[in-house]
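Please read them alongside the structure shown below.

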Amino acid sequence: MSGNNGKSAARFHRREVQQIMVKNARKAKIIDKIVSIFAIMCVILAVIPLTSILIEVIKNGIAAFNWDFLTGRPSAIGRAGGGVGPAIQGTLIVVGLATMIGAPIGILTGIYLSEFAGGGPFPNGVRFFNEVMTGLPSVVMGIVGYILIVINIGSFSVWAGAFSLSIIMIPIVSRVTEETLKIVPNSIREAGFALGIAKWKITLFITFKSAISGILTGVVLAIARIAGETAPLIMTILGTSLFFTGFNNPVDALPLRIWRLSSQPYESAQTQAWGAALLLILMVLALSVALRLLAQRRGFSVRAEI
Amino acid sequence: MLILVAFAVGEGALPIFSAEGFQFVIRTDWNAVYGRESFGALPYIIGTLLSSAIAMAIGVPISLGIAIFVTEMASHRISTPLSFVVELLAAVPSIIYGLWALFVFRFWVRDLIERPLYEHLNWIPFFDKTPFGLDIFTAGIVLSIMIIPIISSITREILLVVPNSQREAAYSLGATRWGTLKTAIFPYAKSGILGASFLGLGRAIGETILVTMIIGNAIGPAAIPTTLFSQGQSLASLIANEFNEAASDLHLSALIGLGAILLLLSMIINIGARFMVSRMVKVVPGGRE
């Protein structure tokens, strides 16, 4: 009797467990569905404004394009015609200069932090400050450029702009470099050590090389970011309607020009703002795509293979 | 470097703090007329915090959804171009978001979101103002659009770094996709996701030009938002608006003082985030092998 009883109890128990499991599985599946739908909706929600941006910029920007627009100087406020030549030139100069200052410093800092520093108080301090710097608003960097350089030189200048932008760039680049180098598997480094290669050689030719696609992506992201920065330029390079006249003088830049144009109540100015926006997007995207293709052709796109 | 930054801003901001003292932070008036100058930063601090909070509330969940879709759900054929697009969009400059928001998006927000909210829910004090399109709410939404690519692309990177063994372990125990995410992936990636969100928050707080274009640029006590549809002003946008037109040294210094507050605010956020992240890293089992 008692054995029989125990058996049925066990069977009952099993059935109960089975029911609970089925119920749980069903619940889990429903939750799974909800989460999936939520994720897809998020993608759609994000894509709508982004496609709209591209469509509007292209649609309205094309109208402004002509030779005069690309090379000419801005016309007087309220008058049609004129162009953004100085702004294009100024953006190229300021961003190029900032990259030349910022990228090497950033990459070297990243290499130091990842390969040589370890976890002492000083490297951790550097890391900490880097992280904090990444989050600092760009407008504050503009103020720094203004106080340190504009006031000392006595005029708004290319140097001040490039300086501000490079401060924005350094923490980004060094962070990305460090993170990317950390992902490189230790076995690769150990293989190098096992062959008796010096540490700097391992770092340069093995670790750095296998991480270069990630680092380049970081640099390009940083360039793209500073190319579109407007706020720090307001208080450093000021903006002008003249072409480049010297490193100690104000220059114009595309984002700055867009801002000034968009705040004018004239149709022609707004069209030009869209045109300049299209130009800026094209520059930034061309940079990204070109480097990506280059990285792929050279065969060091690490991430795509994972 | 950071010390240099702090020093420079501190030096520039000294005159206003010595002239106004702590009052600078809590006063609300803003008068640059020579001889009657008085500056108070409170409305702009509120404007900054409110618009960023709106941006985070909208932006973070959506970014998470995108990152999950790209890494965990979509097939390779969809996810590669999609993540490529997201990466490119992270590169779209904020001035372009601003231009688009000013000439296109604000009418969408006004007609599709704000007006219905105003008409049907105006008994809630938040919504009780005739919407105009250039206000804190729009600024928050556009900020969220701007930070979505940033947060989601970083989150995607983090989810990609999560080792496949984590996923396989969960799937082999019969977990659904959500179960896998919850039990195997999120604990592993939590600190990174949090870091990504705070990076987004940092950008939202410091974002200048976009906010300048759409927040409505109110000044003085009027800039304290009473509803979500009020015109406001953030710290950064006021700096951008008035920096080149600063009438006096004290005015300039007041603007730099706003910059100092902004600096302090974002440093507190960043340091706080940093501590949270490092505490979580210790909790996460395994960590990076």
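What pattern does chain A follow when read along the sequence?

1. The model is a predicted one. Along its sequence, chain A follows the pattern α-α-α-α-α-α-α-α-α-α-α-α. Its secondary structure amounts to twelve helices and zero strands.

2. Where contacts in chain A join residues at least 6 apart in sequence, 73% of them link residues at least 24 apart.

3. Helix α3 (residues 85–117) and helix α8 (residues 199–227), both of chain A, have axes that come within 10 Å and cross at roughly 140°. Since an angle over 145 degrees would be needed for roughly antiparallel, α3(A) and α8(A) are therefore oblique to each other. The crossing of α3(A) past α8(A) is right-handed.

4. The contact between these two helices draws on residues of α3(A) including Thr91(A), Val95(A), Ile107(A) and Glu115(A), which meet residues of α8(A), among them Thr203(A), Phe208(A), Ile215(A) and Ala227(A). By class, the residues of the contact of α3(A) with α8(A) comprise eleven nonpolar, four polar and one charged.

5. Between the chains, 56 residues of chain A are in contact with 57 residues of chain B. On the side of chain B that touches chain A, the most is given by helix α11 (residues 249–283) of chain B, with ten residues. That side of chain B has 42 nonpolar, twelve polar and three charged residues.

Technical notes
Residues are numbered from 1 along each chain as its sequence is written. Chains are lettered from A and ligands numbered from 1 in the order in which they are written. This is a predicted model: local features need pLDDT of at least 70, side-chain atom pairs count only at pLDDT 80 or more; totals for chains, interfaces and linings use all residues. Axes are lines fitted to C-alpha atoms, for helices over the stretch in contact, and angles run from 0 to 180 degrees between N-to-C directions. Helices (H or I, at least four residues) and strands (E, at least two) are DSSP runs, numbered from the N terminus. Angles under 35 degrees count as roughly parallel, over 145 as roughly antiparallel, 65 to 115 as roughly perpendicular and the rest as oblique. A crossing is left-handed if the near helix is turned anticlockwise from the far one by less than a right angle, and right-handed if clockwise. Two residues are in contact if their C-beta atoms, placed from the backbone, lie within 7 Å. Ala, Val, Leu, Ile, Met, Phe, Trp, Tyr, Cys and Pro count as nonpolar, Asp, Glu, Lys and Arg as charged, and the others, Gly among them, as polar.
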